[in-house]
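Please look at the sequence and the model together, and begin with the residues that surround the open space in the protein.

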Amino acid sequence: MGKPLFYEVLEKPATSCVIAICSLIWFYIQKKGIGYSHVGLSYETALDGHHWRIITSAFSHISILHLVFNMSALWSLGVIEQLGSIGLGVEYYLHYTLVLVILSGLLVLGMYHFLIQKFKIDYFRRVTAVGYSCVVFGWMTILSMKQPSSKLELFGFLSLPISFAPFESLIFTSIIVPQASFLGHLSGILVGYAIAWGLIHGMNNYWAISMLGWIVLVFIFSLKKSGAYNFDFLEVESVTDPSLPSVRFMAPGNGRTLQMSTLPEVGSNVVFCEHTDEYMYKLIGIERCLYP
């Protein structure tokens, strides 16, 4: 007999938390009748500034079959948390889960951009990616490189050699879930190889916390700026200071003229002076000469 579930949860705390979060989000989505268009990541929504969808798309599932497949595979991959002896472990799992979520989302957008701009396939403007599959496929790839003798258990009865699991699962999900994002899964595999080969490395607690902080910041500001959620306490202001003068050169018939403008303010008096070889303006208390 296997271990009681309670002990397995204690051995895979990070994996258990992710599964709980994804399951709760799925329940909320079903209860509220939320669809792909509300939480999914697509090229068009990214261009519209909905960068928060990189996060929401990763942790959201619309189909129960998709959720069960991803969480079943993720539970099996939780063995990574117990492999601290070969350089993996809980911290490694948490650090590179952040990397997989962000980079796989950015990579799939890059693939869409390439296909749209290079091959003019406008279909990929509206393709919407959703689900934790990118991260699952990334961890499959990493485990296949770090522990090739492992097995991937799916649904409690299907066992796949981990060395072939990424591409076997890629084909398997394309068959049983036809609407699954092939490019999304492929992006997870590519990022997984980059991590396993050491092309992406050096993550520690400092960088993970810093990265998490930036993710939260961008998430909130993109929600605000895109109008998806109104944070009353947050104001996004233009970086342009309207009180500063703007400068541009004009070219009248007999030579160059420097024009300067500023919005009027109380107590300001702008005087423009023109000389043969210099242009000077005088702002109360400040004198400066500009030479063309």
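By class, the lining of the largest pocket consists of 25 nonpolar, five polar and one charged residues, where Ala, Val, Leu, Ile, Met, Phe, Trp, Tyr, Cys and Pro count as nonpolar, Asp, Glu, Lys and Arg as charged, and the others, Gly among them, as polar. This is a predicted model, in which local features need pLDDT of at least 70 and side-chain atom pairs count only at pLDDT 80 or more, while totals for chains, interfaces and linings use all residues. Residues are numbered from 1 along each chain as its sequence is written, and side-chain values use heavy atoms, with hydrogens and water left out.

The lining comprises 31 residues, and Ile21, Ile55, Phe59, Leu98 and Leu212 lie nearest the centre of the largest pocket. The elements that give two or more residues to this lining are α2 (13-32), α5 (53-59), α7 (90-119) and α11 (205-226); helices (H or I, at least four residues) and strands (E, at least two) are DSSP runs, numbered from the N terminus. The chain has eleven helices and seven strands.

Of the 292 residues of the chain, 40% count as buried, a word that means under 20% relative accessible area, with exposed over 50% and partly exposed in between (1.4 Å probe, protein chains only).

| Residue | Relative accessible area | Class |
|---|---|---|
| Cysteine 17 | 49% | partly exposed |
| Cysteine 134 | 16% | buried |

A search of the whole structure finds zero disulfides, a disulfide being a pair of cysteine sulfur atoms within 2.5 Å.

Note on methods: 1 Å grid on protein atoms, 1.4 Å probe; cavity = no way out; pocket = protein on both sides within 12 Å on 5 of 7 lines; lining within 4 Å.
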